[in-house]
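Welcome! Let us take a walk through this protein together, beginning with the whole and then turning to its parts.

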Amino acid sequence: MRKDNVTIKTLRLYHSFNKKYFPMSFLQIVFSSSSPYFNLWMSAEIVTALYEGRGKQAIFTLIAITLFGNLFIHIVGTLLSNAVSLQFEKLNTNESLAFNRKTLSLDYDKLEDPEVRTLRRKIEENSWTNGYGIKHMRESVNRLMSSAVKVVFSLIFFIEMLIKIIEVGFYWVGLVLALGMVSFAVLNYLWGLKVGGKNAKYWGIVHDMMLKENRISRGTGYYGLDGRIYRQADMIRKLEDKLNREHLAIFSKANHYSFKMGVLTLILSWTSALFNYLLVCFYCAMGAFPVGNVIKYTGYLGRFMGDIALLFDTLFRSFKENEQFLKLYLEYFDIPNDMYQGSLAVEKRSDKKYDIEFRNVSFKYAGSENYALKNVNLTFNVGERLAVVGMNGSGKTTFIKLMCRLYDPTDGEIYMNDFNIRKYDYRQYLDLFSVVFQDYSLLALPLGNNVSSAATWDAEKAERCLREVGFGERYDDMPKGLETPLYKDFDNKGVNVSGGEAQKIALARALYKDAPFIILDEPTAALDPIAEAEIYAKFDEIVGDKTAIYISHRLSSCRFCDKIAVFDNGEIVQVGSHEELLTDENGKYYELWTAQAQYYTK
Ligand code: ADP
């Protein structure tokens, strides 16, 4: 991406979120900017009329024009500003939606990629803490339009004055005074850039420190419960105090530059204004224009210089300053979804005959050196109950994620019914699986939405699924049944559910989907062993002719499975039934079983 394209590219993207906003905002700016010029113009006319001793009627007419003109500008301005606010709201909402949709549409491997997560976090943090990024764009564009419009307005009157000056002559005096005025204004601008650069550097550091302070309590995972027990609050407070002191020290440096900038700006702009008055008064004295025009021209010239400076400032500083933040934003929107989306239709089989085969599959996570799975070979057939066991980190969840094509293998292939799973239409392939992941999440929406994962639900089916997983009693207590909102994020009347209850809802959601494969990845971790045994026993019955895969720490829960695959360090080290595996006393399964048996055999 070329550096100078960032701003324009982002502007195009931003504009596409609501094509009405910028044109309407421009119209409003033209209108509201005209007000001071109109007033200066009218004041000049009134003063000249008074000076020239024109009649009362002429003066009253001018006053009436001024008053009604202002009223008109005010009314239209207010209407326009209302309309612009509405368009801004739409722009804002569409921008947030577009950002969220981009996140939702990312390939899963991109969504989970640590670099992509960091990128997203940076974009969000910048927008909260310093307002930089896409939102800053609106401000800069409006400032650019506003200063450009004002420069054009002033220019019209500047040219009018120039013509009058030329008629009078005394070019040398005019040139010297004009040069004085312009040079001081330019000096003022250059000074602003110089000190502004240093200033921006310090403010950048201040901003980074604010981010750090912000992250201490959130980003370190500080959590009230552990915080109380281990008295972490003191530690967090001390860390915060330290950062706070550093923050204030840098802040006062940044402030010092701001002050310096302010003082010199004052002197330089004052000097520029002095030349402005000398120039206009000189030509008025020479008879180039009536005395009332002094008000008009000094006013326009002062504004002209200010607006040119603002125009340059916006073009060369404001946009530039934001460029680094916009780059992140574009980078996020430019993340390609390059996961191969197959086109082969998944056969809808009433016999649910879908066989899966892993052929020498290995997998590495993005940014990770080590293989999470190594040379995995496994076949399992329709209707089978497969248990996947192994120590923490041995690759069980990764195995499931690859099977569901959340990631593609780094090496090797996965086949379903003789075709590489990459060939199947991605969405149709995903529809084959109901999975309850270890880190499943429920939504702060009504129970019905949670079970059906859709905007509407089949109440009878949803209720049946909830009862089948043992949620019946709790369900009967729910005040509004399936309409009961979960959690309180969106609704104060929402109910909080315990870890075990939440897992049951997640299980009911898996049943409701009614997919040919049902996979439970330690879905019962929050349940006590008795509840877990009940769920597993029941699940075997509920699952019926579906293919089921269970991952569990508790080996006893997996005894009933037809086949058990034992994972160790990313590899499948044993496959067999419970009885077969126990005969190998040197095997991993025997080791795991005997380590756990003490809990269950008594
Ligand atoms: P299990 O389910 O058996 O506990 P996982 O499949 O979750 O094991 O993890 C296998 C290995 O992959 C572990 O070393 C784990 O640290 C690593 N791993 C898991 N998820 C990620 C991820 N998103 N990024 C990088 N490494 C991961």
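A residue is called buried here when its relative accessible area is under 20%, exposed when that value is over 50%, and partly exposed in between. Keep in mind as we go that this is a predicted model. With those words in hand, we can say that 44% of the 602 residues of the protein count as buried.

Now step back and look at the overall form. The secondary structure of the protein comes to 19 helices and 10 strands. Its radius of gyration is 36 Å, whereas the globule rule gives 25 Å for 602 residues; the value for the protein is well over that, so the protein is more spread out than a compact globule. You can follow this along the principal axes too, where the C-alpha trace spans about 115 × 50 × 50 Å.

At the S5 end, strand S4 (residues 411-416) is joined to S5 by two bridges, and the two run antiparallel. If you want a place to look, find Tyr415, which stands opposite Asn420 in S5.

S9 pairs with strand S3 (residues 385-390) in the parallel sense, over five bridges, and Val389 stands opposite Val566 in S9. S9 also pairs with strand S10 (residues 571-576), this time in the antiparallel sense and over five bridges. In that pairing, Phe567 has Ile572 of S10 as its bridge partner. S9 and S10 form a hairpin with two residues between the strands, and there Asn569 takes a positive phi near 55 degrees.

That backbone angle deserves a word. Most residues other than glycine have a negative phi. Asn360 is another residue to look at: it is not a glycine, yet its phi is positive, at about 50 degrees. Asn360 is found in strand S1 (residues 356-364), and with 40% relative accessibility it counts as partly exposed. Ser453 is not a glycine either, and has a positive phi of about 55 degrees. This serine lies in the loop between helix H13 (447-452) and helix H14 (459-468). Ser453 counts as exposed, because its relative accessibility is 55%, and the cut-off for that word is over 50%.

Finally, let us visit the ligand. Which residues are around it? They are Tyr365, Ala372, Met391, Asn392, Gly393, Ser394, Gly395, Lys396, Thr397 and Thr398. This shell divides into three nonpolar residues, six polar ones and one charged. Helix H11 (residues 396-403) gives the largest share of the shell, with three residues. Side chains reach oxygen atoms of the ligand at several points: an N or O atom in the side chain of Lys396 is 2.9 Å from a ligand oxygen, a polar side-chain atom of Thr397 lies 2.7 Å from one, and an N or O atom in the side chain of Thr398 is 2.4 Å from one. On its own the ligand has 560 Å² of accessible area, and the protein covers 63% of it.

Technical notes:
Residues are numbered from 1 along each chain as its sequence is written. This is a predicted model: local features need pLDDT of at least 70, side-chain atom pairs count only at pLDDT 80 or more; totals for chains, interfaces and linings use all residues. Side-chain values use heavy atoms; hydrogens and water are left out. A residue is near a molecule or strand if one of its heavy atoms lies within 4 Å of it. A polar contact is a pair of N or O atoms within 3.5 Å; within protein, one must be able to donate a hydrogen and the other to accept it, and residues adjacent in sequence count only if both atoms are side-chain atoms. Accessible areas come from the Shrake-Rupley method with a 1.4 Å probe; for residues, only the protein chains shown count as cover. Helices (H or I, at least four residues) and strands (E, at least two) are DSSP runs, numbered from the N terminus. Ala, Val, Leu, Ile, Met, Phe, Trp, Tyr, Cys and Pro count as nonpolar, Asp, Glu, Lys and Arg as charged, and the others, Gly among them, as polar. Two strands pair if DSSP finds at least two bridges between them. The radius of gyration is taken over C-alpha atoms; the globule rule is 2.2 Å times the number of residues to the power 0.38. Buried means under 20% relative accessible area, exposed over 50%, partly exposed in between (1.4 Å probe, protein chains only).
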